[in-house]
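Reader: I'd like to go through this one with you, piece by piece. Could you put the sequence and the structure up first?

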Amino acid sequence: MRYAVTLRTRFDETTISSHRPKDLPLPPNPRQVRLVDGRGRQYDLAGSKPASLTTPLKPGDSYTTELDFAVPDDARHLRLLLVSAPEWENLVLIGDENSWLHKKTFFAL
């Protein structure tokens, strides 16, 4: 079964320094995306369109991406897990979703 999730990515212009140019795009950190069902089975991203999750944004800009997953018919209670790609410094960065004391945040679908 095909499962599609539309995700909106937005650059909040109120979260940047007043010294940063407003017309300079910034690429988001690399992300890992997967669906997890109620039994804990994980399903990797099968494709996305039209925009990649790493498309650079200017402050105030946004875009939507349709994420496609292939899941078996018996998959129930699906949740979306969207985290930054793990890098060693994220493991010790307080508040990062990959730090060793931080629980994962899932989006119920």
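Reader: Which residue of β6 does Arg-79 stand opposite?

Author: Keep in mind that this is a predicted model. β5 and strand β6 (residues 106–108) run antiparallel and are joined by three bridges. Within that pairing, the β6 residue opposite Arg-79 is Ala-108.

Reader: And on the β2 side, which residue has Arg-79 as its bridge partner in β5?

Author: β5 also pairs with β2, in the antiparallel sense and over six bridges. In that pairing, Arg-79 is the bridge partner of Val-36.

Reader: How far is the charged end of Arg-79 from the centre of the ring of Phe-106?

Author: The charged end of Arg-79 sits over the ring of Phe-106. A charge counts as over a ring only if it is within 6 Å of the ring centre and within 35 degrees of the ring normal. Here the distance to the centre is 4.1 Å.

Reader: How many aromatic pairs does a search of the whole structure find?

Author: Phe-106 does have the charged end of Arg-79 over its ring. For rings to pair with one another, their centres must lie within 6.5 Å. Searching the whole structure on that basis, the number of aromatic pairs is zero.

Reader: Which residue in the hairpin of β2 and β3 takes a positive phi?

Author: The hairpin has five residues between its strands. One of its residues has a phi near 90°, and that residue is Gly-40.

Reader: Where is His-77, the one with a positive phi although it is not a glycine?

Author: His-77 has a phi of about 55°. With a relative accessible area of 67%, His-77 is exposed. Its place is in the loop between β4 and β5.

Reader: What is the bridge partner of Gly-47 in β4?

Author: β3 and β4 run antiparallel and are joined by five bridges. In β4, Gly-47 finds its partner in Asp-68.

Reader: Staying in β4, is Thr-65 buried or exposed?

Author: Thr-65 lies in strand β4 (residues 62–70). Beyond four places in sequence, it is in contact with several residues, including Val-5, Leu-7, Lys-49 and Leu-53. Its relative accessibility is 0%, and the cut-off for that class is under 20%, so Thr-65 counts as buried.

Reader: Which residue has its backbone oxygen 2.9 Å from a polar atom of the side chain of Thr-65?

Author: The contacts of Thr-65 outside its sequence neighbours include Ser-48, Ala-51 and Ser-52. The backbone oxygen that lies 2.9 Å from a polar atom of the Thr-65 side chain belongs to Ala-51.

Reader: Which residues are linked with Arg-39 in a network of salt bridges?

Author: Asp-74 forms a salt bridge with Arg-39, the closest N and O atoms being 3.6 Å apart. Asp-74 lies in the loop between β4 and β5 and Arg-39 in the loop between β2 and β3, so the pair ties together parts that are 35 residues apart in sequence. The residues linked with Arg-39 in the network are Asp-37, Arg-41 and Asp-74.

Reader: How many salt bridges does a search of the whole structure find?

Author: We've talked about Arg-2 with Glu-66 and Asp-74 with Arg-39. Asp-12 and Arg-10 also meet in one, at 3.8 Å from N to O. For the whole structure, the number of salt bridges is seven.

Conventions: Residues are numbered from 1 along each chain as its sequence is written. This is a predicted model: local features need pLDDT of at least 70, side-chain atom pairs count only at pLDDT 80 or more; totals for chains, interfaces and linings use all residues. Side-chain values use heavy atoms; hydrogens and water are left out. Helices (H or I, at least four residues) and strands (E, at least two) are DSSP runs, numbered from the N terminus. Buried means under 20% relative accessible area, exposed over 50%, partly exposed in between (1.4 Å probe, protein chains only). A polar contact is a pair of N or O atoms within 3.5 Å; within protein, one must be able to donate a hydrogen and the other to accept it, and residues adjacent in sequence count only if both atoms are side-chain atoms. Contact means heavy atoms within 4.5 Å. A salt bridge is a side-chain nitrogen of Lys or Arg within 4 Å of a carboxyl oxygen of Asp or Glu. Rings of Phe, Tyr and Trp (its six-membered ring) pair if their centres lie within 6.5 Å; planes under 30 degrees apart count as stacked, over 60 as edge-to-face and the rest as tilted. Two strands pair if DSSP finds at least two bridges between them.
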